[in-house]
Amino acid sequence: MNYEGFIELAFTSTPNANITSQAEMYVDMQTGATSGSASEFMGWVANPETGLEELALYEGDVMMSGGNIFAGGIGQTQYNMQINGALDNGEQAFTVDGQLNGFIYGPNTDGVFVTGSDFGTNSNLDFSADGQPVFGTAAIWAVKD
């Protein structure tokens, strides 16, 4: 099943960054095997020198892989997948690596929502800014193409 949507990454670094990109992915509904990518990230980054937020473009890719589908609660199909990426805005280099968890939803597998962080109960991701570990979150929202 082909899906299109977007991915959002938030890094609590100095300066912090909240960035998004369009995302395309394929999910094998029998096995959960996933492939896909996102690139051309854009978002606002806080400039610590001015205290203002500035628009920033990020070069690099986030790749989607792995994947598992399993039964959830009533009418739910749980799903997890891997992401791995490196991005650079010319000022900072960011990385994200690990697992997102969520659901495939709708009567005809109409959409996907997966999320992850490096804290709390859904802490299956690692984030870095300029090679140093930082807190962060990631989410993908997509609908059937």
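This is a predicted model: local features need pLDDT of at least 70, side-chain atom pairs count only at pLDDT 80 or more; totals for chains, interfaces and linings use all residues.
**Close-up 1. Strands β2 and β3 run antiparallel, joined by nine bridges.** Strands are DSSP runs of E of at least two residues, numbered from the N terminus. Two strands pair if DSSP finds at least two bridges between them. Residues are numbered from 1 along each chain as its sequence is written, and side-chain values use heavy atoms, without hydrogens and water.

**Close-up 2. β1 and β2 form a hairpin.** Four residues separate the two strands. Their pairing is antiparallel, over 10 bridges. E8 stands opposite T20 in β2.

**Close-up 3. S13 sits in the loop between β1 (2-12) and β2 (17-27).** S13 is buried, with a relative accessible area of 11%. Buried means under 20%, exposed over 50%, partly exposed in between (1.4 Å probe, protein chains only). Beyond its neighbours within four places in sequence, S13 is in contact (heavy atoms within 4.5 Å) with Q92, F94, A129 and V134.

**Close-up 4. M42, W44, L55 and L57 make a nonpolar surface patch of about 460 Å².** Patch residues have over 30% relative accessible area and no salt bridge, and nonpolar side chains are joined within 5 Å. A salt bridge is a side-chain nitrogen of Lys or Arg within 4 Å of a carboxyl oxygen of Asp or Glu. β3 (34-46) and β4 (53-71) each supply at least two residues of the patch. M42 belongs to β3. M42 is partly exposed, at 42% relative accessible area.

Methods
Patches are made of residues with over 30% relative accessible area and no salt bridge: like charges are joined within 9 Å, nonpolar side chains (Val, Leu, Ile, Met, Phe, Trp, Tyr) within 5 Å. Accessible areas come from the Shrake-Rupley method with a 1.4 Å probe; for residues, only the protein chains shown count as cover.
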